[in-house]
Structures are given as structure tokens and as C-alpha cells.
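Hello,

Here is the structure I promised to pass on. Please open it and keep it beside this email while you read.

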Amino acid sequence: MPDQADNKFRTATIAVLVDNEPGILARVVGLFSGRGYNIESLTVAAVDEERAISRITIVTGGTDMVIEQIKAQLDRLVPVRKVCDLSLEGPHLARELMLIKVVCTGEQRMEALRLADAFRARVVDATTASFVFEMTGNGDKLEAFTALMRPLGLAEVVRTGVIGITRGTYSLKA
Amino acid sequence: MSAATLNAATSTADIMTGAEIVLRALKEQGVDTIFGYPGGAVLPLYDALFQQNAIRHILVRHEQAAVHAAEGYARSTGKVGCILVTSGPGATNAVTGLLDALMDSIPLVCITGQVPTHLIGNDAFQEADTTGITRPATKHNYLVKDVKKLASVVHEAFYVARNGRPGPVLIDLPKDVMLGSGPYSEAPTAPHRSYRPQREPNAESIQQAIRLLKGAKRPIVYAGGGIVNAGPEASRLLTEFVRLTGFPCTNTLMGLGTYPASDKQFLGMLGMHGTYEANLAMHGCDVMLNIGARFDDRVTGRLNAFSPGSKKIHCDIDQSSINKNVPVDVAIIGDAGLTLKALLEAWQADSQPQHTGALAEWWSKITEWRANDCLRYRQEGSIIKPQHAIRRLYEITQELGRETFITTEVGQHQMWAAQYFGFDKPNHWMTSGGLGTMGYGLPAAMGVQIAHPDALVIDIAGEASTLMNIQEMSTLAQYRLPVKVFILNNEYMGMVRQWQELLHGGRYSESYSSALPDFVKLAESFHAKGIRVTRAEDLDAGIREMLAYPGTVIADIAVAKDENCFPMIPSGAAHNEMILGEDQEGGVKGVTDEGKVLV
């Protein structure tokens, strides 16, 4: 067995194309819990209504051997059509959508707006005592913005989890 | 399909009830036998069964037994086993059997009744979330809510069960869907819209494998249950390949019979209770060819000490078996039979010579290990050694020359059966390997006997295991199945007792079989014959009496109570840290605290 030391823990963003049928999400989630794998984030939505195909993006972590095993186990599920480790397929984009509510007044309001502008967050709701900002980006950016809002009256955060796609001409097809 | 032909197809389609659709689809899939137990939610299917003759229903006495019987049927015929049980408790009782089949890659289709669709989720009488409960216990499962899709789901279920790595598939069928009407459709040529397991091995990987194998000085072939699943031709190809190369060959528990046990190139079973020579050859080899086995923890022992110096080639139909426990150098995904065919052709086409000198040296090393005679035992006096009982059973069945199938329960007797009963053909050895399900052997034997009415079917059992599904004696009586239950009765859960002796200071916590039945009377009460043998000098006569009797027999063989199963690789130990029994008993070396945690 190769030395575990050269087999470091890494994060992987895995895209899975599946037949959109009842229970498929439970199968995927059950596989992770049943085999002791970690899910950092999971998103799912239909991407081809006509052919009834959904795309799941899972962010997980492990050694290369564990991630290879996760991919193989996913691929073995009967309704799974394609499994792709975006982290290995070369450069890829990863994005999340966040809605964040800040409750504040006075100078703190101005500061929140200025920062939102700098981070290209959009104001999607406002009252005299609150804002809801909408923001997309990678996890680091969303976390940085959330940290800045904390002292200004951060009240509520909701995030979609990561979706990802490869750069360039390579496309994931079912 | 064009619109016109589609219209023609639907207009001529037969309209029938859901129950009739199921039976017709089963028939089209080649099902002639179904193991089951009725109940409220499956009454429409039982009514349809009553009105036809094509499919024979075998009424078991517990749903778990229906699944094991179907496993025995499937494993001994190569066909898909079929089960019909009711909702709720019917389905939950079947779960152990389904998981057993999943772990051992046995193709099954299990139909469960379900409460009508409008009651699902209402905690209705005998309702269970069957697809939810069985999701991790099946290869795939379905809840059919629309009778129009029923025929295609049944066809798809059989396709999924038998293709790729075989496994159990469950169809949950609400009662209103069985009673509703819909069109029947025949099995399509592409029964699933996306599931296409790879069968053909990759040519480049085959070449890499051949380069390693030709260069091998200390090779070994390690063959498993995948070869049984690939059909008898795969076993023939394995034998041809091993003979052509002159390599030594070992089998896993699930693979016994894929290479003839009587052949001189066979090293016996490997693993926790494998032979000295097989395990040392695995440890010392320089090239390992694994075909249809999965580096199970019973086989590898301590992973970081497993065959440390070898290049490993792993052929498996299931990608997820590759690099799961043991990193390998060459991976070949595909059907075991097609892979062996490709290996044979590539070996013959390759001009590189073998290291014949080195191979001869390797064989002389193996011969030295063999000389250890690790399976030796001393049968002295009147007390029957369990090893001797199985050895005599084997020898006497060989004399008789009848086609013989063996099933087992789980425990010491199972390992002794694997060690002392020789299998020269695949599909004749049925055992619960992955899940280790006590109570497997009696119902599995039932399924085998149904499939092979004229063959000799023996359940090699322990007195504790066999009591777990003893109710099936009633099924054996009903269908006059002449199964022989050969109980090695040591009045202990022997394997538990052995571990307690070796690892827990001889504190035999709850591992004794108290208040056992009189198995002779038990047999008689189920209209069978009972035989009890207590002395070694009566053993042969007892075995002959059992084998000569035309009906069901329980032979209760009183064996040495404290016999241990050796050789043994203790948990957490390596192949070269094996305990060899008699001379080395008294202390188990190499069991670390980490090892004690393992099962």
C-alpha cells in the first residue's frame, strides 16, 4: 500500500448527471451517509426536462483513493449516467448564490451599502431598518462578505451550495 | 419507432390487470419458480397465480427463507431468482436475504406488495416504506405507481439484476396497481435508458497485464465469485489459463469450484481460514492476478502487510471494487469470462518467454509450504472430529458419484466445509460469504433442490445456525424435497466460542447452545428422517444411511465440542502471521488491540 502521507486530503467538486426519477437524491445521500463520506455541499435541479435528466453537484473531501471510490460508488448507482470530478478536469468555475439580511441603521447602513457595492452584491429588498443583498461567487467571496456584515448587523444568511462547470470546450453530456 | 408503428403497437397491445402483467412479464423473463408467502397486499397476485400453470409458487414459512431459497436457486442455475412477499412485515423479513444477495452478487427480483397508492404515507395497516428500507440492501428498487409502466419496470428489473455486477432488485407494488388495467409490453431490446455496464475488457489493460504476467517469477492467480457469475464457461477458461501458464491458483470462499479442487495447481482457499500455502503464496508472490474477487477483509488480513512486494492486476466487473481496499497496478473492468478469454489470447500471441526456471523454484517453495499439511487433524477415539465428519461426507459422496450440491450455514462448520469438501465445478457450492447470515443454508438448499430435483443437496450445518430457519423443514415436507441437513453439533456457537477462547480469555459469554431440541424427533415431527451419530465408529454408517434415504433427513452428528478452526489469521494480522493449530495453540500471537476491534 502506498504511503498515506503522499495521499493528502483534498476537496473535490463532483458533477453527477442522473435520471430524474423518484428516490434518486435519497440514493445519492444514502450512499454518502452509509459509506461514511462527507458532504460539504449538495445542489440538485433538473437540467433537461425533455430527457428527464437532473444534475447534482456535490462538494466532498478525502484522499485521492477515497474520492476515486466516491466517484465509482456514484457511477454504480443504476440511474446515474455520468460522474465527473470537476477538480480534476482542469480549470472549472464554481459558483454559489447567497441571500443575506442585514438589520442596521445610521452610519452602519451606509457602510453595508458601500461594502455591498465593492463586492457587487445587489440590493433585492430594503426597509428603513434592513437590507437583503443577493450575491453570487465562490465560497471564499461569500464568506468574506458575510464576515464583513457580521459587525454591521448580520441577521440571516441563506446559500444555495456550489454549482460547477468546466471552462473551455469540454462539456459533460449524458 | 415511427408514430404509425407506435399506434399499431398500442392498439394491438393486450390490456390486462397489473397482476396479470407481472406474471406474463415473469414468464417472458424465463421465470418458472417463485418463492413467496401471501398476505393482504399481494392477494391480487396470488389470485392470478392460482389461475395459471406456467409459474410454480413455493410456499415458504418465513420471508427471509424465500429470499435465501431464491439465492440457492439462482446460484445453482445461473438464472435470476424470484420472490413474492407481502407489504410491511413481509418486506422487512425479506431484508436480510436481500442484503445477503447484494453482498454476494446474486441476481434476484423481489416483488413486494404495498398498500394502495392513496394510503401510502398514512401509516396504513402493514405499511412500510419498503423502497426506503431496502435502498441500501438492493442493487436497485422501484415503487410502481402507474400500471401502464408496470411491464417495462419488470423487464428492466431483470435486466438490472443480471447485468453488470448482479444483485437483488426490488419492485414495490401497491395493491391498486395490481388491480388496475393496463397494456402489456414485451421486453425491449434496450431495457434501460442509461444503464450499460462495461463487459468487454480494455485491450491496452490486457496487454499491460500480460507483460506483468510473462515477467512474473512468483505469480499467483486469485479467483473469486465473479467467475461463478460469469457462467461455467468462465471457469473453464480459468482452468485453461492456469494450466497454460503453469501458475498456482487459489480461490476465495465465494469462488470455490471455479478451479477444480482436485487439481495439483490448486492451493486451496485463501484468507482467514485459508491454507498455509495459499496465504504464504499470496504474501510472497511478485505478480498477483485477481479475477472476480474484491480484496475482502477476510482475504487480505492487515492491509498494510498484505502481499507487500507484488504487482497486482485486478479484473472486476465493478469499477468500485478497484482500489477500494488495495491499490492495484493494472485494473481491468469487464466480465470475468470475456477477460479470461482476452488474457488467454493475448498470452498465446505474446512472444515473450516465461521465467520457467523461476517458476519451478516458486513451485518448490510452495511444495515446502504444502508439506506442512496445514489441514491435518487426528481422528482418535470415539469422539468425532468435525473435520473428519466433513472429509468422510465428501469421500462417500464422491464414491456415490451423484451430482452433489452443498449449502452451508455460517460459522466453524462453514469454514470446515470450505476446507475439507472439494469442489471441482462452479455453481455447486452455496454459502453466505459477505453478510455471513446464519440460517442461510437450509432455505438455500431448498431452492437448490427445487432447481435440481434429482441431485443430492446437502446443507452442512451447525446446530445453532440451522435453528435460525428451522421452520423450513415444513416447506421441505410440503414439496417432498429430499434435502439432507448434516448438523455438526458441538452444542456451541462454535466460531463465537473459538474467538472467545482465543481473544476473550475463555469467557464463553452466551455462546453455548442450551436447551437444544432432539433433532431426531424434530425431523420426525416434520415427516422427515432423523439420524443421530455420537461415535466415530458409527459415522460412515450414519452418512450412508442419510445419503441412501430417498426423503428429507436431519443427521445430527455429535462432534468434539472444543475443536477450533485452523489455520487462522487473527484479525489485524498478516498472511504470514497465521496460527496453525495444535502445535501452536495456547496463545494467539499478533493480535493487537487494533486487531481486537475488528470482527
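Below is what came out of it, starting with the contact between the chains.

This is a predicted model, in which local features need pLDDT of at least 70, side-chain atom pairs count only at pLDDT 80 or more, and totals for chains, interfaces and linings use all residues. Residues are numbered from 1 along each chain as written, chains are lettered from A in the order written, and side-chain values use heavy atoms, without hydrogens and water.

**The interface**

Two salt bridges link the chains (a Lys or Arg side-chain nitrogen within 4 Å of an Asp or Glu carboxyl oxygen). B:Arg193 and A:Asp19 form a salt bridge, at 3.4 Å from N to O.

**The cores**

A nonpolar core is a set of buried Ala, Val, Leu, Ile, Met, Phe, Trp, Tyr and Cys residues joined through side-chain atoms within 4.5 Å. Buried means under 20% relative accessible area (1.4 Å probe, protein chains only). The largest core has 104 residues, and B:Leu213 and B:Phe486 touch the most other members. A second, separate core holds 44 residues, including B:Ala66 and B:Leu98.

What does B:Phe486 touch, beyond its neighbours within four places in sequence? Its contacts include B:Ala389, B:Leu393, B:Ile458 and B:Asp459.

Best wishes

How values were computed:
Buried < 20%, exposed > 50% of the residue type's maximum accessible area, 1.4 Å probe, protein only. Contact = heavy atoms within 4.5 Å.
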